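Have a look at it before reading on.

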Amino acid sequence: MRAPDRPSAGGFSLRLLLPSDAAQYRTFRLSNLRLYPTLFRADAGEESLKPLASSERRLNPTPLNRWQGAFDVQGQLIGAVGFRREAGAKRQHIGQVIGLSVAPDWQGQGVATALMVDVIDYARNLAGMRQIQLTLTIPNPAAEQLYDRLGFVVFGLEQDALRIGHESHPKQHRQLMLDQL
């Protein structure tokens, strides 16, 4: 059973990703991991060795895990973002944005903004959710501008967060306090 599509301006729609979307999601994700190796913690080579069942498990919605997709009018996945609620009594007020990615041909057309607004709206409606956190590899001007526009503030910098070969890449940590919106 597919989740209903939610139309957006710009020729794409948003809907919950489900295990039945795993094959398309896996292809989309591997493509982005190869195109932008510095932007994601996951490595394309390692991820390509995982079975399709790994993507099916990732897309299985639970009270702590949800993935949203953006689809063009032909039904092709053009963007995705994950949201995880922290487990445990002391951290269940925090949500994590993970894996935001948009197909190259769709960048700059509002897909990332629509996905992030959806995540924020979803988190705002969760009982007890107080903040959303995310990390981004810097420099990444487009992502930094998006998160600035949405109200995410920097609360830390992790030097040497990713190593690709001998190259080091820092990650910026950001948060959005939902009760201040």
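Start in the loop between β6 and α5, where Pro-139 is found; helices (H or I, at least four residues) and strands (E, at least two) are DSSP runs, numbered from the N terminus. A cis peptide bond joins Ile-138 to Pro-139, with omega about 0 degrees. Over in strand β7 (residues 153–164) sits Asp-160, whose phi is near 55 degrees, a positive value in a residue other than glycine. For context, most residues other than glycine have a negative phi, and most peptide bonds are trans.

A word on the ground rules: this is a predicted model, where local features need pLDDT of at least 70, side-chain atom pairs count only at pLDDT 80 or more, and totals for chains, interfaces and linings use all residues. Residues are numbered from 1 along each chain as its sequence is written, and side-chain values use heavy atoms, with hydrogens and water left out.

Now the helix pair. α4 and α5 pack with their axes 11 Å apart, at an angle of about 40 degrees (axes are lines fitted to C-alpha atoms, for helices over the stretch in contact, and angles run from 0 to 180 degrees between N-to-C directions). The contact (heavy atoms within 4.5 Å) is made by these residues:

| Helix | Contact residues |
|---|---|
| α4 | Ala-112, Thr-113, Met-116 |
| α5 | Leu-146, Tyr-147, Arg-149 |

They divide into four nonpolar, one polar and one charged (Ala, Val, Leu, Ile, Met, Phe, Trp, Tyr, Cys and Pro count as nonpolar, Asp, Glu, Lys and Arg as charged, and the others, Gly among them, as polar).

Finally, the largest pocket: it is lined by 43 residues, with Phe-40, Gly-99, Leu-100, Ser-101 and Tyr-147 nearest its centre. A pocket here is an open set of points on a 1 Å grid over the protein atoms alone where a 1.4 Å probe fits, with protein on both sides within 12 Å along at least five of seven lines; lining residues have an atom within 4 Å of a point. β5 gives the most to this lining, seven residues.
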